[in-house]
Amino acid sequence: MKRPYQKPTILKLQVGFLREKKSSLSRMVRQEIDGVPVAELAEKFGSPLFVFSEKRLREQFRYLKRLFEGHYPRVEFSWSYKTNYLDAICRIFHQEGATAEVVSNFEYEKARRLGVPGDQIVFNGPYKPKEILRQAVLEGARINVDSLDEILDLEEIARETGEKLRIGLRVNMDTGIYPRWDRFGFNLESGEVLNVARRIAAGGRLEVVGLHCHQGTFILEPEAYGRAAEKLVDLSQKLENDFGWTIEYLDLGGGFPSRNRLKGLYLPPEVAVPPLSEYAEKIARALLTRLPAGDYPLLILETGRALVDEAGFLITTVRALKRLPDGRRAYILDAGVNLLFTAFWYHFRVEVEREIPGPPEPCVLYGPLCMNIDVVEESALLPPLARGTRLVLSPVGAYNVTQWMQFITYRPRVVLVTENGNAEVIREAETLEDIVRREKIPEHLK
Amino acid sequence: MKLKRLAISEEGFVFDPETGNSYTVNETGLLILKKLREGLSLEEIAEIMNEEYGISREEALRDIQDFLEAMARFGLWEEKYG
Ligand SMILES: Cc1ncc(COP(=O)(O)O)c(C=O)c1O
């Protein structure tokens, strides 16, 4: 029996290919998502198509919840709406016990419409319009204040209601990571937080009951959370001593990474991304060693991407083939950066719907937009693909179906593969009517 | 000759210390590189490929030449074979 023959090939390795050689070659084929064939999904619902796995969503939520509850007695997950606010996705997390974390009037209203009670909402963000802020106060939402002006707004609302309002303070601090998100909330090291606390205490209308710190997103240093937790505990003790408040919750925000490949990172995510258990350990250790035994404030986590990213896939189809002047192959896909906002920061895993013969070659994946920026992947390593071949990009569950844009073309369907293997549409494709409905033509142009 | 300076691993990684560039070759490419280093002629290598994989000597020779052309484009192959 002769060995199967492959034509000899030599490929120059770019830094990027070296890194992914193993993982990308061994995982290049994806025929199904949770048992539903990719071909069937595309034929039935069209291409491009976002596909979410209910199983993965629930499993990841339960995993994280168990993980943190195994380390600290009082934990609440608050689903970060901006990461993915499709109703069906939010419903799944709410069913699993998550509250809602919102950062705008739209998100607040969307959570309420979905049936989330006000007191199950964490309201963050640098601009909370007065009307929605008032509604949130009246409905008992947890409000984490971002600026002094918001404190003034809240004091005014407190005057109207005649009651002392319970608020949280968003704090930014040095936890040893870069970039530092120091534009949100009040700075710890400069003493700003304490000045603001004095100002609040003197006003007499507000009471601080919570502290919030969201350091950023895709944070690869578990220890940064340990430091944040330590600093929040120290601050809460100081506030309790100096002002007589009781800090009921410490909110460490979101920012845990998913197994995605951040651009500029040399190592594959399996190596570069620490396991989430390390985050849980660092946070719990910091809290438990500093807090007096038995006096455990609620730990709130606003985890977004780590819960949803890996549950989302995008099926897209090769619509045209090109050869670039430098000799590289290029493919034009029917999904571009209009749908994949996160392509600007991450290299997705690119899988082909079936085994394709031929050696992997460096190639570029372009979207369908007539815009030079529309590059989905500048350095994929794929066998020669024929027109009509379907690709599956992942993980794309976080921030794409919220930050996508209606630009040049329509946005496609989103389906959910349910736990018993059915595919259900959770967002219909856009139509021309959807887009023009809000437009008006002035009389003289008719 | 250039070929002698290349670091070639069993997994098919090829490193050119002169330029710092790395390459990867598949199993067949690796076989050709190794046999060239051992000083075998293209015809002898084609013979081995015929035995190993059952392809014709003509096809093997064509593929070897194609492979060497790709090597030449990367500046890894300079010699002219007649
Ligand atoms: C206040 C706040 N909480 C939570 C999140 C969710 O972050 P991630 O998706 O990185 O977990 C964000 C994202 O920017 C945020 O701004």
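Here is a short chat about the ligand site and the chain contacts in this predicted model.

Visitor: How far is the side chain of A:Glu302 from a ligand nitrogen?
Guide: An N or O atom of the A:Glu302 side chain is 2.6 Å from a nitrogen atom of the ligand.

Visitor: And what about the ligand's oxygen atoms?
Guide: One lies 2.6 Å from an N or O atom in the side chain of A:Tyr399. For A:His214, a polar side-chain atom is 3.5 Å from an oxygen atom of the ligand. The protein buries 94% of the 400 Å² that the ligand exposes when taken alone.

Visitor: Which pocket is that?
Guide: The largest pocket is the space that the ligand takes.

Visitor: Switching topic: how many residues of chain A are in contact with chain B?
Guide: There are 14 from chain A, in contact with 25 residues of chain B.

Visitor: What area is buried there?
Guide: About 1,800 Å² between the two chains, with carbon and sulfur atoms giving 58% of that. On the chain A side, A:Tyr5, A:Pro8 and A:Ile10 lose the most area to chain B, together 38% of what that side buries.

Definitions and conventions
Residues numbered from 1 in each chain as written. Chains lettered and ligands numbered in written order. Predicted model: local features only at pLDDT ≥ 70, side-chain atom pairs only at ≥ 80, totals over all residues. Heavy atoms only, no water. Polar contact = N/O pair within 3.5 Å; in protein donor to acceptor, adjacent residues only side chain to side chain. Areas by Shrake-Rupley, 256 points an atom, 1.4 Å probe, with all protein chains shown as cover. 1 Å grid on protein atoms, 1.4 Å probe; cavity = no way out; pocket = protein on both sides within 12 Å on 5 of 7 lines; lining within 4 Å. Sits in = over half its atoms within 2 Å of the grid points. Contact = heavy atoms within 4.5 Å. Buried area = accessible area lost by both parts, 1.4 Å probe.
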